[in-house]
Amino acid sequence: MEDFPRAMSLRFEDGEGTWGGLLDTEYNYSVDPSDPKYDCNEECDHGTGRKLTVDFEEYKKKTTIIVEEYFATDDIVSTADELSELGMPGYNYYFVKKLISMAMDRHDKEKEMAAVLLSALYADIIDPSQVHKGFSKLVESSDDLIVDIPDTVDILALFIARAVVDDILPPAFLKKQMASLPAESKGVDVLKELKRAI
């Protein structure tokens, strides 16, 4: 892995940011029928009234393939189509997490590609709440990520700053996340670095 500088500097020009192995963690996802976005047509088996079981493991495998193909082709339209075809929008937070975590361990080109893709998919393909949840999961996973990616604190802070500048994360993200993390978490270090940068 290339050696990224420890001192983080951000420069944004016309919305563009300049950039300076993941240990997957299982997350359970449950559908909340009281959620206003809940659609029984998608989630219910009308023959029995039971919710269909969504194969999260299969989604994870397909997501990894989609991200790898995107880094190889830089084809946003094809990537958007493939993600839509999975038909599992409730798991798209994992796509956000996987895309960024894979980019973090690559070169600046892939980091920029990941940021551009997220902006392109935001709202139309990936619901804003899923983007928020994906970034939350990344911050929570900082202690695991840093094992394979020593510069996790700096790089993840850059990704979050870029997401705020690109209007796919609200500025309030920092404050809300900080309140939910243990004081000794590397995620707190990420947010402190972010606070210094923006």
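## Exercises on a predicted chain

The chain's secondary structure comes to ten helices and two strands; helices (H or I, at least four residues) and strands (E, at least two) are DSSP runs, numbered from the N terminus. This is a predicted model, where local features need pLDDT of at least 70, side-chain atom pairs count only at pLDDT 80 or more, and totals for chains, interfaces and linings use all residues. Residues are numbered from 1 along each chain as its sequence is written, and side-chain values use heavy atoms, with hydrogens and water left out.

**Exercise 1.** Find the order of the elements and the share of buried residues.

*Solution.*
- Step 1: From the N terminus on, the order reads β-β-α-α-α-α-α-α-α-α-α-α.
- Step 2: Buried means under 20% relative accessible area, exposed over 50%, partly exposed in between (1.4 Å probe, protein chains only).
- Step 3: By that rule, 43% of the chain's 198 residues count as buried.

**Exercise 2.** Describe how helices α2 and α3 lie relative to each other.

*Solution.*
- Step 1: Two packed helices are described by the angle between their axes and the distance between the axes.
- Step 2: Axes are lines fitted to C-alpha atoms, for helices over the stretch in contact, and angles run from 0 to 180 degrees between N-to-C directions.
- Step 3: The axes of α2 (residues 56-73) and α3 (residues 76-86) come within 10 Å and cross at roughly 175 degrees.
- Step 4: Angles under 35 degrees count as roughly parallel, over 145 as roughly antiparallel, 65 to 115 as roughly perpendicular and the rest as oblique. The two helices, α2 and α3, are therefore roughly antiparallel.
- Step 5: Contact means heavy atoms within 4.5 Å. Among the residues making it are Tyr59, Ile66 and Tyr70 of α2, and Ile76, Leu83 and Leu86 of α3.

**Exercise 3.** Work out which rings phenylalanine 56 pairs with.

*Solution.*
- Step 1: Rings of Phe, Tyr and Trp (its six-membered ring) pair if their centres lie within 6.5 Å; planes under 30 degrees apart count as stacked, over 60 as edge-to-face and the rest as tilted. The whole structure holds six aromatic pairs.
- Step 2: Phenylalanine 56 and tyrosine 59 are stacked, at 6.5 Å centre to centre with 20 degrees between the planes. Because they sit three residues apart in helix α2, about one helical turn separates them.
- Step 3: Phenylalanine 56 and tyrosine 91 are tilted, at 4.8 Å and 45 degrees. Tyrosine 91 is in the loop between α3 and α4 (92-104), 35 residues apart from phenylalanine 56.
- Step 4: Phenylalanine 56 is buried at 10% relative accessible area, and tyrosine 91 is buried at 7%.
- Step 5: Ring pairs link Phe56, Tyr59, Tyr91 and Tyr94 into a cluster.
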